[in-house]
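Here is a short report on one protein model and its ligand. Look over the sequence and the structure first, then read on.

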Amino acid sequence: MAARVVEACRANTGKTLIVKLSPNQTDIAEGARRVIDAGADALSAINTLMGMQIDVHSRKPTLGNNQGGLSGPAIKPVALLKVHQVYQVAKQHGVPIIGLGGIASAEDAIEFFLAGASMVAIGTAIAKDPLLVKKVNKGIADYMVRHGYKSVSEMTGLLELNTDTVLCG
Ligand SMILES: Cc1cc2nc3c(=O)[nH]c(=O)nc-3n(C[C@H](O)[C@H](O)[C@H](O)COP(=O)(O)O)c2cc1C
């Protein structure tokens with residue numbers, strides 16, 4: 001369905017198409033491949049994970065819509081893995097990824113670069129600290145000086161996977 005939407009957009013505009021991927025799909029790498037084939041110029045990952053909370057006294061969902069999008073630090077491990085998986089496809093096509101999902105510090109942002117993001121975005125954590133972006137930028141700059149990187153793009157996808165892994169879970 002996402003690929004069909006991208007295809008329709010691509011047929012109607014020459015403008016840059018950034019396609020945001022939902023983590024609520026079985027195989028996000030396959031989803032990425034399909035929207036790239038349909039004409040996406042860049043990808044953004046991830047959107048919120050669907051969740052629910054229940055008021056045990058009223059026995060009703062606390063959200064008016066019964067369910068809603070979970071965001072913020074709780075979703076960072078999921079987001080990182082999804083960005084890593086999407087990157088395996090996107091790098092073959094030279095398609096950049098905007099990584100997001102739970103970023104609240106420079107170290108969080110750097111994790112996303114290493115996993116394959118070319119840019120990062122912060123949503124929920126800004127509500128807690130509206131000046132967070134300045135701090136994150138400074139932290140990234142400090143890390144780059146310490147590790148000898150001249151550009152953020154030098155960090156994209158630098159993750160070194162363990163080779164002696166055991167399958168868990
Ligand atoms: C209040 C709120 C509104 C959002 N609205 C949208 C939206 O309209 N479109 C969209 O693609 N994502 C929307 N998102 C998802 C965010 O863009 C982001 O993908 C997600 O929250 C994960 O990043 P974060 O943990 O830094 O917030 C919204 C998130 C929040 C918390």
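Helices (H or I, at least four residues) and strands (E, at least two) are DSSP runs, numbered from the N terminus. I46 sits in the loop between β2 and β3 (49–51). The model is a predicted one.

## Overall layout

The protein has six helices and eight strands. Read from the N terminus, the elements follow the order α-β-α-β-β-β-β-β-α-β-α-β-α-α. Along the principal axes, the C-alpha atoms fill a box of roughly 55 × 40 × 40 Å. Buried residues account for 36% of the 169 residues. The protein exposes about 10,600 Å², and carbon and sulfur atoms supply 56% of that area. Take the contacts between residues at least 6 apart in sequence: 58% of them join residues at least 24 apart.

## Around the ligand

Which residues come nearest to the ligand? Of the 13 residues around it, they are K20, I46, G72, G102 and T124. By type, the shell divides into four nonpolar, eight polar and one charged residue.

| Residue | Backbone atom to a ligand oxygen atom |
|---|---|
| I46 | 2.9 Å |
| G72 | 2.8 Å |
| G102 | 2.7 Å |

On its own, the ligand has 610 Å² of accessible area, and the protein covers 53% of it.

I46 has another feature. The peptide bond from A45 to I46 is cis, with omega near 15°.

D108 belongs to helix α4 (residues 106–115). Is D108 buried or exposed? Its relative accessible area is 12%, so D108 is buried, as buried means under 20%. A polar atom of the D108 side chain lies 2.8 Å from the backbone nitrogen of A104. Leaving aside neighbours within four places in sequence, D108 is in contact with K76, G102 and I103. G102 is also one of the residues that come nearest to the ligand.

K76 is in helix α3. K76 counts as buried because its relative accessibility is 15%. Again leaving aside neighbours within four places in sequence, K76 is in contact with G101, G102, D108, E111 and F112.

## Helix α4 and its cover

How many residues of α4 are buried? Seven of its ten residues are, and the helix is mostly covered. The buried ones are A106, D108, A109, I110, F112, F113 and A115. Their cover includes α3, β7 (97–99), β8 (119–120) and α6. Just after α4 comes G116, with a positive phi of about 135°.

## The nonpolar core

The largest nonpolar core holds 41 residues, and L21, L43 and I140 touch the most other members. At least two core residues come from each of α1 (2–10), β1 (18–21), α2 (28–37), β2 (42–45), α3 (76–90), α4 and α6. The largest share, seven residues, comes from α3.

What does I140 touch beyond its neighbours within four places in sequence? I140 is in contact with A106, A109, I110, F113, V152 and M155. Of these, A106, A109, I110 and F113 are buried residues of α4.

## Helix α6

R146 lies in helix α6 (residues 132–147). R146 is exposed, because its relative accessible area is 62%, and exposed means over 50%. R146 and L132 are 14 residues apart in sequence. In space, the two are 21 Å apart, C-alpha to C-alpha.

## Two loop residues with positive phi

R59 is not a glycine, yet its phi is positive, at about 60°. R59 is in the loop between β4 (54–55) and β5 (60–61). At 70% relative accessibility, R59 counts as exposed.

N66 also has a positive phi, near 70°, and is a residue other than glycine. N66 lies in the loop between β5 and β6 (68–70). With a relative accessible area of 40%, N66 is partly exposed.

Key
Residues numbered from 1 in each chain as written. Predicted model: local features only at pLDDT ≥ 70, side-chain atom pairs only at ≥ 80, totals over all residues. Heavy atoms only, no water. Near = heavy atom within 4 Å. Polar contact = N/O pair within 3.5 Å; in protein donor to acceptor, adjacent residues only side chain to side chain. Areas by Shrake-Rupley, 256 points an atom, 1.4 Å probe, with all protein chains shown as cover. Nonpolar A, V, L, I, M, F, W, Y, C, P; charged D, E, K, R; others polar. Buried < 20%, exposed > 50% of the residue type's maximum accessible area, 1.4 Å probe, protein only. Contact = heavy atoms within 4.5 Å. Core = buried A, V, L, I, M, F, W, Y, C linked by side-chain atoms within 4.5 Å.
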